[in-house]
Amino acid sequence: MTYLDHLVPPAAAPEDLFERLRALRLSDQGRTVQLGPLDQATLTLVRTALAQGVHNLYLSLPRGRHDMALLVGLYLQLTRLGADIHRAGDCPVPGGPLAVVGSRLNVTARLAQIAIGRQNLSGALRTHRIRGDGRVTDLRGRITDAIQWPQGLFYLNTALGLPRLGVRLGTVVVDRTSMGSHEVWERALSWADDHGAARVIAVAELGSKPDTEPGRHWDQWAWSPTLRDDVRYCLGRRPAAGPLTSNALLASRTQTVPGAAVYRAPRLASLRTAAMVGVIEARRVRAPGPWPQPVADAVRLLNLLLRSWGPVGAQDVWQVRMGRGRSASSLARRVDSDRLGRTDKAWALFEETHWPRLRATVLELYGLLLEDNPRLDMLLGLLAWADTARPGIPVTVRAASRAAATAVAECLQNAYGTGRGAPLTDVADDKDLGLRVLPYSERLPWTADARIEFHLGVPAGHRAGALLSAEATEHIVAVEQGEYSWLERSSQQVLLAYQDATAATATRLGIGTFPHMTAIPPPVHYGPVDLAGPAAESAFRHGEQESMGQMPSRLVDASVLFADFDDAVAAASRAKRTVCDRSRTLFDQRPSVTVPAVEVVTEPEGAVLWLRADVRVDILVGSRYATVEPVSLSPGALLLLPRGDARARLFDRLSRVVHDGAVVTAMDTLLGFFRESVRSLHQRFGTWPDVLEALQRLGCAVSSWQTVSKWADGSVIAPDDTQDIHRVALLARDTRLTSGRAWQRLGRIAAELRALHRGLGLTAAAAVAEAGRGEEGPALRRLRELCSGVEVSEIIEEFDLVTVRRAGAPHRVPITWIDRPPCGTADVRLGGASSPGLSTHQRQHTGRGKG
């Protein structure tokens, strides 16, 4: 008997839970949700694991945006309530409240969209949302203590913090796919442990690893391409029915290995190899303390350059504009240092032997890619090939960061003109656009339709699962010829790493035979093409390439080299989470990331908070909402602080409630284009009065040049008169704003943002107090009207009011200190352990605490 016979029995009895659920009618946004065979297999697996005494189950699904964790929670709650009704004594779900933990923008609105029969989830399944103060609220807005619901189903949004509930939990389902960092995942597990959870079920991405403390054992199950094809072949498929089912995963045959598009760039490859060798030599240095700053900056610069596919100068502009860390130019200036400034014998030896070559190589690579990145021609050729070989199929291009994605989109737009629309990053889930350029942080729903995803280089190790994501039906990775072996190794690791663990779980659960698979090399769909040839650019623009043939049997085997470098970058990333761990040895020698920050002391306990000096913060001045630089905070100011992991301003969070995340990105992009045009006019005319005079000649009614200067720095969102946006675009000759009447769209966006900003200023203080009390008053009603009727009380709950005692001068501190106390400071984070981000004074101020 195979595993599928156990997970999806051939004949279901009428009393079977799935049959009863089908009869009751599960609906999502009014549409009936028909659970498919993969849903049934997944939920039966969870039930079987709980019945067999599995304490920690790690369930891996392909990357994409979905609500499978919520479905697991609903199923377990139905199982438990059904057992209570029928007085069955063999219910596998432990007693105590069941909690689903995830990071969502608006949990209340999402839960309200789901119903069973004619009842919402609160009425049908005793579903509640956990508030920031540790109490729970149902979908009717009724607030109670968690202890009153021993058989309740709770949903915790980590953006609200991780409050204590005062009850012992039975089962916790952690939606790791929704969490933006490993740190949030670890904190969610700690929260489950603090509440004595008897069982933990994690819903994660295919290719990820638990990576938790050694004492926690995980039983793992991964729905690999082979297993999903097995389900599709044996059990058929069902229509895709939204994010609450996995039916989209069975819509078509699964791609088991990504394809490759190969190019040759000898100079680029030789510089990359030499630089990576230098980084590996630095990693071998055994010396106490962090790496010397020039070496650490060299690693960051090299990583940025290796993942850049447009001119580095263009990416720098967006890197700075978006506040995404240091630009390549600033890192290059820091690397261009003769001495490391260290007296350690080991680093002194490195400085004499390997540092000169590493420094020179990284700077030469920076100069090579500064204005003209040859890999951009490869991307243009690959897109032209897709137009011919995959006509009519939408294409997504993935970049390493949002700044890199925006820079590539801008370069492609310049190359194509207006043929593909502007901007290329302006996409929404329901639009069938031909081309989109997105960072890996932007997740798309599982697709049931044909889509292609191009990856610009092999993704970093922690993103390797993107090679088999269900956001597209075909994945093609553009790699330099020497990187092909690393692509092969990465894809094999994603495919095979979990196979033994899944087989072991099948054996432990006694669910029959388990199929094994053999990984194959990634097939080459495009290339190899030579980027060094003089006619390369014209050939690529027309989609031409040299004869395909077969890949050479002997490529440069750089897999070990890439593995070591990827480990070094991953180690640097882990250092951000473990900078407080004094016991670590520094083979962990990792680049320490520091940023300019302001120390803020708050009332009444004197808690210390570090805020980035270059990021504006929200404050309340009387009844007005405003933003200031942290260094300008004055004693007595009321600071609006995010209490959970969202780390965003209140205005930005509300904007994302109203609009899709990709639309918000498009807003930022258009506003960036406009401000860049205004700055270009200042460079052209020399002074702001001269810029104003030129605009007035075109009919602009603005009378003050200070107003025009505020358009450039963003302190004013955009002109009140939409025609002024058009005048700026015409005067600056900015086709990005004039083509497709983008200036009109920017005018509509600016009007919406101004209305929200002004309304927020008048209602923010009262709205925080109303949300804390759980009472919808005039302030929350006004905000809901401004946000197109969307429920916003949960978003307001994400923020606390903090009174500033004093603010210090800017200092450079480790990035891990930002928004939290420095290492070794006992219980100085606002709110202490019982209610993260909320002090006694703040509870009194906002009317939140329970006494």
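Visitor: Which residue in E18 does Val262 stand opposite?
Guide: Val262 stands opposite Val479. Keep in mind that this is a predicted model.

Visitor: How many bridges join E14 to E18?
Guide: Five, and strand E14 (residues 259-264) runs parallel to E18.

Visitor: And how many bridges link E17 and E18?
Guide: Also five: strand E17 (residues 452-456) pairs with E18 in the parallel sense. In that pairing, Glu474 of E18 is the bridge partner of Ile452.

Visitor: Is E18 largely enclosed or open, and why?
Guide: Strand E18 (residues 474-480) is largely enclosed by the rest of the structure, because seven of its seven residues are buried.

Visitor: Which residues sit on each side of E18?
Guide: Glu474, Ile476, Ala478 and Glu480 are on one side, with His475, Val477 and Val479 on the other. Both faces are covered. In general, side chains in a regular strand alternate between the two faces of the sheet.

Visitor: Changing topic. Where is the cis peptide bond at Pro528?
Guide: It runs from Gly527 to Pro528, with omega near 5°. Pro528 belongs to strand E19 (residues 524-530).

Visitor: What is the phi of Arg126?
Guide: Positive, about 55°, although Arg126 is not a glycine. Arg126 lies in the loop between helix H6 (121-125) and strand E7 (127-130).

Visitor: What about Arg733, buried or exposed?
Guide: Arg733 is exposed, with a relative accessible area of 64%. Its phi is positive too, about 55°, and its place is in the loop between helix H25 (722-732) and helix H26 (735-738).

Conventions
Residues numbered from 1 in each chain as written. Predicted model: local features only at pLDDT ≥ 70, side-chain atom pairs only at ≥ 80, totals over all residues. Heavy atoms only, no water. Buried < 20%, exposed > 50% of the residue type's maximum accessible area, 1.4 Å probe, protein only. Helix = DSSP H or I, 4+ residues; strand = E, 2+ residues; numbered from the N terminus. Pairing = 2+ DSSP bridges.
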